[in-house]
Amino acid sequence: YPGDTKLPFCVTKEGKRYQPNHLAKCWHEMNIKEGWKHLTLHKLRHTYATLCRDAEVPMETISDLLGHADTKTTKRIYAHKTFVQLNNAAKSLDNLFKNNV
């Protein structure tokens, strides 16, 4: 919504438009203040996509939420295998071996 200055998150209290890097700058300042050395907005984006996948949100929806035009991008870059998925796979294999012994 770049042309919409009525949105509350697009303008300052004085009605001026925020610069494109405003959020990144605020995040960096908060990281310094809180002592977070490795927490980036990009890492949070990865975490968000992974948690959505763990919650079984459809890949198309995750892709839309991240603003991707193609689900292949989401799958390739953001939707990592998680502990939940790996644990479920291990349980499935365990059940398979128990039932075939």
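The following questions and answers go through the predicted model shown above.

Me: What is the basis of the model, and from which number are residues counted along each chain?
Reply: This is a predicted model in which local features need pLDDT of at least 70 and side-chain atom pairs count only at pLDDT 80 or more, while totals for chains, interfaces and linings use all residues. Side-chain values use heavy atoms, with hydrogens and water left out, and residues are numbered along each chain as its sequence is written, from 1.

Me: Which pattern does the chain follow when read along the sequence?
Reply: Helices (H or I, at least four residues) and strands (E, at least two) are taken as DSSP runs, numbered from the N terminus. The secondary structure of the chain comes to 5 helices and 0 strands, and along the sequence the pattern reads α-α-α-α-α.

Me: How far apart are the end C-alpha atoms of helix α1?
Reply: The expected span of a helix is 1.5 Å times one less than its number of residues. For the 13 residues of α1 (residues 22-34) the span should therefore be 18 Å, and this agrees with the separation of the end C-alpha atoms, which is 18 Å.

Me: Is α2 roughly parallel or roughly antiparallel to α3?
Reply: Axes are lines fitted to C-alpha atoms, for helices over the stretch in contact, and angles between N-to-C directions run from 0 to 180 degrees. The two helices α2 and α3 pack with their axes 10 Å apart and at an angle of about 155°. Angles under 35 degrees count as roughly parallel, over 145 as roughly antiparallel, 65 to 115 as roughly perpendicular and the rest as oblique, so α2 is, relative to α3, roughly antiparallel.

Me: Is glutamate 56 buried or exposed?
Reply: Glutamate 56 sits in the loop between α2 and α3, where its phi is near 65°, a positive value in a residue other than glycine. Buried means under 20% relative accessible area, exposed over 50% and partly exposed in between (1.4 Å probe, protein chains only). Because its relative accessible area is 70%, glutamate 56 is exposed.

Me: With which side chain does threonine 74 make a polar contact of 2.6 Å?
Reply: Threonine 74 lies in helix α4 (residues 71-78) and, at 0% relative accessibility, counts as buried. A polar contact is a pair of N or O atoms within 3.5 Å; within protein, one must be able to donate a hydrogen and the other to accept it, and residues adjacent in sequence count only if both atoms are side-chain atoms. The side chain of threonine 74 has such a contact, of 3.1 Å, with that of serine 63, and the contact of 2.6 Å is with the side chain of histidine 68.

Me: Which residue's backbone oxygen does the side chain of threonine 50 reach?
Reply: Threonine 50 is found in helix α2 and counts as buried, at 14% relative accessibility. At 2.9 Å, its side chain reaches the backbone oxygen of histidine 46.
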